[in-house]
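Here is a friendly tour of the structure shown below. Have a look at it first, and then we can go through it together.

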Amino acid sequence: MKGINTKIIISFLGLTSMLNGVFMLIAVPFSIYHNEPEQWGILNAGITTILIGFLFWFFNRNAPKNLHKKEGYLIVTLGWLMLTFTGTLPYLFTGSIPSFTNAIFETISGYSTTGSSILTDIESMPKGILFWRSATHWIGGMGIIVLTVAILPLLGIGGMQLFMAEAPGPSADKMHPRITETAKRLWLIYFLLTFTEFFLLKIAGMTWFDAINHAMATMSTGGFSTKNASVAHWNGTPMIQYIITIFMFIAGANFVLTYFALKGRIQKVFKSEEFRYYFFGVIGLTVLITIIIVNFQDPNLVTSIHHPKPWGETESAFRHAAFQVTSVLTTTGFVTADFTMWNYFATMLMFSLFFIGGSAGSTSGGIKIVRHIVMIKNSFFEFKKLLHPNAIIPIRYDGSGVPKNIIYNILAFFVLYMLIFIISSITLTFFGLDFESALGATASSLGNIGPAIGTVSPVDNFAHLSIGAKWFCSFLMLIGRLELFTVLILFTPFFWKKN
Amino acid sequence: MKIIIVGAGDVGFHLAKLLSFESQDIYLVDMDAEKLEYAGSHIDVITIKGDATSVKLLKQINIDKADIFLAVTESQNTNFTLAVIAKKLGAKKTIARISNHEFSQTTDIDFAEIGIDVMISPGELAADEIRMLINQSAFNDTIEFENGVLNILGSTLEYNSPLINLTVQEAREKFSDIDFITIAIKPENSGETIIPRGNTVYGANDQIYFSTPKESIKKLYKLMGKTPFGVKDIMILGASKIGVKAARNLCDSKFNIKLIELDKERAKDIAEKLPNALIIKGDGRNVELLEEENISEMDAFIAVTGNSETNIMSCLVAKSKGVKKTIALVENMDYINISQTIGIDTLINKKLLAASAIFKHVRKGEVLKLANLHNVDAEVLEFRVKENSPVTKKLIKDVKLTKKGVFAGVIRNGVALMTFGDFQILAGDKAVVFCLPEAIHQVEKLFN
């Protein structure tokens, strides 16, 4: 690989790996507290990961610091692969997920904040391992590369390349002139919000272990739960579900806006076009689905989820509508109700949300709202142009014109996304899934959502998929999290050409 | 420190780059989205697209908290306006780039009063630079400290230099009667500048930089393998502002000046203004014309037209006709590093000069002077050594400067002293340090 600074790539992989190992060690006390024999497996995994990372870093610590675009893309993709492989170690060493394929699936599902699981009985898992599952969400949500940039100011300039390659959305906003400061602020907000949610969930009645795990899975828009029934376990405690709904909503909004809101500049939040669509979209859809549940629920479809209604019929409908809309739109994937059992219209509506996603600069996956806004405006202006061929019509977003290259990038992203969706659905039917499940599994994996439709619906899981299908879904989750280009560019011939 | 730079052109970009190496908070404002995108993806700054003369925009980026406001757009008038507005809005220090050097010389107008603290005129800096280079004709780079008490000089090593194939350590022992410190070597055909260690070997045609007191300059000619030559006849190509300013400076120093200008009106105008110079109307790209004007008899050739390529090509022509010293003005920053490779003695770039001059004002510490060498991407800083600064607490050999910086000498009571291993820097000294841009921050810590 001439012309590529391999040394800095390897040293960076080492650093991220060491950080990852530290997170594994955090899981150990949970295992010790519950007196589980798995504590040694997790400890071993953590030490092994740190050691591998240390060796990677140590032999390349004097790497030249020049970092160009190619190195940036390689670091992010290889960094995530490195995370994935070391992330499987706690599962494999403790024997809690003995199959390598399953461990890879569960790990990528964790880091990519998808939340699809191959586990059939979650509650029987050791506590340390459950914590590690949620931790993978939390690490992957804000991005470990961003974390590395934040705490290791070793890259003044190259940091921006890495940041842009990992952060979701068509363009990365800076909150501060310096990239390390921006990354620090992002992680600080992330941490504070997670802690606040943990605290509120504990007060609302969760055990402290469940509260920690759900807080991490919510803020990262992940969706792993510690209960077999997911958040439906607390259908009798509406308060818990409202707290999670609100925090899912925050996690799906741009963190830069959250930063402004926390600094007391609320008016700036509502000035954002994307936020307005996001906010009123969630409200509108919630109202619509509440009406469907109350008045038009299909009597032939019977859900297996238990629905106590402590605060009455309408409140229950509203709560589940709000929860499911937010959960799917922000690509979290927590479940309180099986949306495939409301009626076909509601199911289709929810499925279409798989393709929307949250805001740019959030921890959510999917296509992102801002891209839809720009695309729809662009299509609309094509009509105007038909009538006035010589008119110059800028596409305005947030009050200023969107540059042509960003529009092209967004259109290319969308076309690529849909193309991958179609090809992958075909591939999954080849691996044995039925038509509906293949569509659902693809959309869910690519958008990092979690539950889907068909045999992978909110009350099912991904355990029954064939080995090929599991690997393929893992790949989709990874490219979905890194927003296609970052990973796929490595498969283009011109990336590897010298010039 | 919060620094707002308006204008993401070459000067602005170069400044932002220098400053970002040391983790300053930099806001780069420009109207050109493409320039900003380039800057944003190459250096760690926040870029703002828009018209900086808009008060709303300036307020949005909290100009009242800015420590330094730099107006370095192409337009002098814009820069003036910006500096004035910025000062009124609360920026602590304003610096404007100007093109009319009269402003920086006049004492009739108090610019600080209307809000412009510092004015930088790149053309004037370039003209001064040319005068210095002509005075040290055997060297292709010159920086003077304290009026020439200590000098940093650059030169290529000729084949007959006694230094060749010696290591730095050996050379120091062999020529211990001559005071000099080699601070940088750029080997032939290499784009990389290295800071020499004791075991670095001198090679023929290497570009080397060294510091030396005034008295030793003459002795160094022999070491470089050069025979000193007096410059008397100089041909200047292009009656640009820099050309005229340089011609006037050099006329005053009793050089014989031939100035070639393409535009007839301009030539006529200049001829009236410079009675001691010979003004020729003609195209400098025309080799016959140059020959007619006896280019081969010239001691130095300075090309300062508005076109970099013309300047470079005509210097090459001059070199082939036997002119010993050639200086070309180039706009393109990337050409700076290739001057030796293409055989021109010195390439000067006014944007780089401007950036260095401005950079000095941005320094927090006691930086007396900041200059940069023409052919390498490195800076030379002169510090006033303060009481109790870390550098005064150790011998030179124990001060950690990594591989990216080197002490080039000290001026104590008006005398230049060479800083070898056992030297002790004292408070009150003026110390000169040569370093690569990424090490500036580290060097500054030593003096604070």
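## Two helices in chain A

H14(A) and H17(A) are roughly perpendicular to each other (angles of 65 to 115 degrees count as roughly perpendicular). Helix H14 covers residues 273-296 of chain A and helix H17 covers residues 369-387 of chain A; their axes come within 9 Å and cross at roughly 105°. Axes here are lines fitted to C-alpha atoms over the stretch in contact, with angles from 0 to 180 degrees between N-to-C directions. Helices are DSSP runs (H or I, at least four residues), as are strands (E, at least two), numbered from the N terminus.

On the H14(A) side, A:Glu273, A:Glu274, A:Tyr277 and A:Tyr278 meet A:Ile369, A:Val370 and A:Ile373 of H17(A) (contact: C-beta atoms, placed from the backbone, within 7 Å).

## Confidence and numbering

This is a predicted model, in which local features need pLDDT of at least 70 and side-chain atom pairs count only at pLDDT 80 or more, while totals for chains, interfaces and linings use all residues. Residues are numbered from 1 along each chain as its sequence is written, with chains lettered from A and ligands numbered from 1 in the order in which they are written.

The complex has an ipTM of 0.71 and a pTM of 0.79 from the predictor. In chain B the average pLDDT (confidence in each residue, from 0 to 100) is 83, and 96% of the residues score at least 70.

## Chain B as a whole

Chain B contains 16 helices and 21 strands. Along the principal axes, its C-alpha atoms fill a box of roughly 65 × 65 × 40 Å.

Note on methods:
Angles under 35 degrees count as roughly parallel, over 145 as roughly antiparallel, 65 to 115 as roughly perpendicular and the rest as oblique. Two residues are in contact if their C-beta atoms, placed from the backbone, lie within 7 Å. pLDDT is the predictor's confidence in each residue, from 0 to 100.
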